[in-house]
Amino acid sequence: MATARAVERSLRRNVLDLCWGAWSELGVSGWSRTHVTWAIDPEPLIVFTAIADLDPRLRDEALDWCIRNSRHLSRVRLRHLVLQQPDSTGDKWGYFAATVNAHAGIEWPRASKPLPYTVTGRSILRPLSEPSMVLLRIRAMFGLGARSEILRCLLFSHNKQFTAAMLASATNYAKRNVAESCDTLVQAGVLATREVSRRYYYSLANPGPLADFVGALPELVVDWPLLLEVLGLFLEYANVALGASDQVRVIETHKVAERVEDALADLGLDAPDRMKGAAFLAAWDEWMIECTKELALGRWPGDNTYSTRPLV
């Protein structure tokens, strides 16, 4: 059974490598491109990078990219995502947001005091024609706002029909803005709607032509907010386990397994079955490390059935 320190180090390294891979796809100066087949969702990646504080160099390069490319990013989504984070992470986000604001002349939400920072100038914006940039490409086509996020969600989701409330949760936009955008898209013939028990469900009217128009598509479109939430809980568990007895580690293992159970099911990740004692601790730690290692390499753990191709 691995020591708590070894587990914590492995998890941090793997999660950091995943973040570097995702940022490299956006155009941050990194070592290698490991996630060329993934669609990268920038706002949850930005928030996670700011609050996880995994590596000062990653933070600085992410700041550089955000400062240079803030026009492509949604302040509305950032605000909703930050509000979902624990209160204890507010200071880290506040410093990050304030630093971007100071250098880019914008107003990201919940900013506090800027960090001492010199722009590196090493980041670029990768061509939006690349498959990994499809989410930013959709924004370039349809504008920065709820409309683009609705189309992105409907194009890549397994669930073909959404209510406005479901779309608001999935896009990190307010329900009112989503409902108004959906009505506009229905009027334009882009979305179809049907009423069930006094609820309106929206779907793409013609997903095939939309997918063709959007262009090159990635192999994997993951729920980045949910995935990064799970990884954040893994890191929190690993930190709590440091210096704890094996008995306490077993208890913490069951706690984190219960907390992420529904999220793992939604992501299609199969965690070890619950068992008593140190056997579950060993199985859980081994699975977490292997799972995050696969993610860091740009591979979806297991049989890769989570891949969400467009609904065509």
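Predicted model: local features only at pLDDT ≥ 70, side-chain atom pairs only at ≥ 80, totals over all residues.
Helix 1 (residues 4-26) packs with helix 2 at an angle of about 135 degrees, and their axes sit 11 Å apart.

**Helix 1 against helix 2**

- As for handedness, helix 1 goes past helix 2 in a left-handed crossing.
- On the helix 1 side, the contact brings in Val-15, Cys-19, Ala-22, Trp-23 and Leu-26.
- Across from them, helix 2 puts up Pro-42, Leu-45, Ile-46, Phe-48 and Thr-49.
- Sorted by class, the contact of helix 1 with helix 2 has 9 nonpolar residues, 1 polar one and no charged ones.

**The largest pocket**

- For volume, the largest pocket comes in at about 1300 Å³.
- Its lining runs to 44 residues.
- Lying nearest the centre of the largest pocket are Trp-224, Pro-225, Leu-226, Leu-228 and Glu-229.
- By class, the lining of the largest pocket splits into 23 nonpolar, 12 polar and 9 charged residues.

**Who builds the lining**

- Two or more lining residues of the largest pocket come from each of helix 2 (42-52), helix 7 (146-156), helix 8 (164-171) and helix 11 (224-241).
- Helix 11 gives the largest share of that lining, with 10 residues.
- Helix 2 turns up in both stories: it packs with helix 1, and it also gives residues to the lining of the largest pocket.

Key: Residues numbered from 1 in each chain as written. Heavy atoms only, no water. 1 Å grid on protein atoms, 1.4 Å probe; cavity = no way out; pocket = protein on both sides within 12 Å on 5 of 7 lines; lining within 4 Å. Points joined across faces, edges and corners; volume = space filled by probe spheres on them. Helix = DSSP H or I, 4+ residues; strand = E, 2+ residues; numbered from the N terminus. Nonpolar A, V, L, I, M, F, W, Y, C, P; charged D, E, K, R; others polar. Axes fitted to C-alpha atoms, helices over the stretch in contact; angles between N-to-C directions. Left-handed = near helix turned anticlockwise from the far one by under 90°. Contact = heavy atoms within 4.5 Å.
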